[in-house]
Amino acid sequence: MTMTRRSFTKLAAATAMSGLAAPAIAQGNRELKMILNWRYQGPQSWFFLADDKGYFNQAGIDMVLDQGSGSGAAVGQVAGGAYDVGFGDVNALIRLAATNPDEAPICVYQMYNKPPFTVAVLSDSDIMTAEDLESRLLGGAPNDGALKLFPAFANLAGLDTSTIEILNFKSNLREQMLKNEEVEGVFGYVNTIRFSAKLSGMNPDEEIRFISYGDYGMDLYSNGMIIPKEMAENEPEMVEGMIWAINEGVKDTLANLDAAVDAVANREPLIDREVEKERLIATLQDEMNHPELATTGLGAVDPERFAKAIDIVVEADQLPRTPDTSEIYTDAFLPVEDDRIYSLL
């Protein structure tokens with residue numbers, strides 16, 4: 001019997017309620033290696049809950065969850081074959097599909113639907129707008145999604161990038177480099193910077209100003225679940241199961257934020273639970289809560305908006321071709337509509 005998304009979801013729900021483990025789709029679980037966008041933090045909790053609650057196992061998957069070094073890097077790691085799954089930036093995927101379409105993976109569950117990309121500066125800096133970034137020293141991790149998108153942002157904002165110097169450093173140095181004024185601005189996601197700064201002893205609400213890409217016309221999506229096209233074609237039932245498991249993990253996160261943070265702490269005991277809970281809440285509210293969610297459900301995209309986002313990246317980066325939406329994203333593996341998430345916090 002061919003197992004559809006609807007039959008899989010019903011089977012998993014029935015076995016969960018009965019207290020029995022669901023049979024694996026194939027004989028023996030399939031090990032998958034997933035690379036995250038960043039270190040183990042609050043906004044990765046749904047993956048850990050999906051693992052702890054046995055949802056991946058019910059889908060016939062042994063999931064290995066590794067820390068990442070940037071949302072842009074996750075796409076390349078999947079494209080290069082180092083990982084089977086990545087939680088990565090769809091804009092990096094657009095660039096790869098435009099230049100090397102045969103190598104490009106595909107997004108199967110879009111999670112971050114609002115643009116989080118920013119250049120953070122100190123509040124007492126004289127940098128007030130994007131134009132003020134000219135002739136400045138900025139810095140960030142080489143694989144940071146916001147840094148990779150900066151040429152596109154600069155193009156849209158009309159910046160002369162020849163006057164801007166960019167210093168690369170390890171991601172764990174970012175907030176300290178800004179605090180010590182070793183650079184005048186740093187690249188990153190708003191909430192990543194905000195809460196990492198808080199952990200470093202700063203008060204981000206008073207000490208940091210964000211020059212956000214979305215304020216300058218970059219209405220982009222960001223992180224989603226990225227897999228090789230071969231996996232989508234050859235193992236569709238497993239992919240459906242994986243997405244079902246993650247979707248269930250998000251539901252459990254929403255139902256119990258403290259348990260979600262506990263799942264992260266089980267992997268990284270040194271986290272500040274209060275800060276990571278705040279980071280998780282902010283991510284749900286700011287990066288995953290676009291108004292379209294009420295219509296599309298989490299994981300899906302608005303086709304017209306997504307096509308425009310592709311055009312923005314292609315034009316701003318002067319890419320050689322415009323990938324079709326179907327090269328970047330597919331909704332073929334989403335949970336059935338009744339099982340999707342239409343509201344967050």
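**Exercise 1: The second largest cavity**

The second largest cavity has a volume of about 70 Å³. The model is predicted: local features need pLDDT of at least 70, side-chain atom pairs count only at pLDDT 80 or more, and totals for chains, interfaces and linings use all residues. Residues are numbered from 1 along each chain as its sequence is written, and side-chain values use heavy atoms, with hydrogens and water left out.

Task: State which residues line the second largest cavity, and divide them by class.

Solution. 
Step 1. On a 1 Å grid over the protein atoms alone, a cavity is a set of points where a 1.4 Å probe fits but cannot get out; lining residues have an atom within 4 Å of a point. A volume is the space filled by probe spheres set on the points, which are joined across faces, edges and corners.
Step 2. The lining consists of N37, Q41, P43, Q44, Y112, Y189, N191, T192, R279, T283 and E287.
Step 3. Three of these residues are nonpolar (Ala, Val, Leu, Ile, Met, Phe, Trp, Tyr, Cys and Pro), two are charged (Asp, Glu, Lys and Arg) and six are polar (the others, Gly among them).
Step 4. Helices α8 and α13 each supply at least two lining residues; helices are DSSP runs (H or I, at least four residues), numbered from the N terminus.

**Exercise 2: The largest cavity**

Task: Determine the volume of the largest cavity and its lining.

Solution. 
Step 1. The largest cavity holds about 100 Å³ of space, and the structure has three cavities of 30 Å³ or more.
Step 2. Its lining is formed by N37, W38, G70, S71, D144, G145, R174, G188, Y189 and T192.
Step 3. By class, two are nonpolar, six polar and two charged.

**Exercise 3: The largest pocket**

Task: Describe the lining of the largest pocket.

Solution. 
Step 1. A pocket is an open set of points with protein on both sides within 12 Å along at least five of seven lines. The largest pocket has a volume of about 300 Å³.
Step 2. Of its 16 lining residues, R39, Q41, S196, L199 and R279 lie nearest the centre.
Step 3. Two or more lining residues come from each of α7 (174-179), α8 (190-199) and α13 (273-286).
Step 4. The classes are four nonpolar, six polar and six charged.

**Exercise 4: Two helices**

Task: How are α2 and α11 oriented to each other?

Solution. 
Step 1. Helix α2 (residues 45-52) packs against helix α11 (residues 236-255) at an angle of about 105°, with the axes 7 Å apart. Axes are lines fitted to C-alpha atoms, for helices over the stretch in contact, and angles run from 0 to 180 degrees between N-to-C directions.
Step 2. The two helices are therefore roughly perpendicular (65 to 115 degrees).

Definitions and conventions
Angles under 35 degrees count as roughly parallel, over 145 as roughly antiparallel, 65 to 115 as roughly perpendicular and the rest as oblique.
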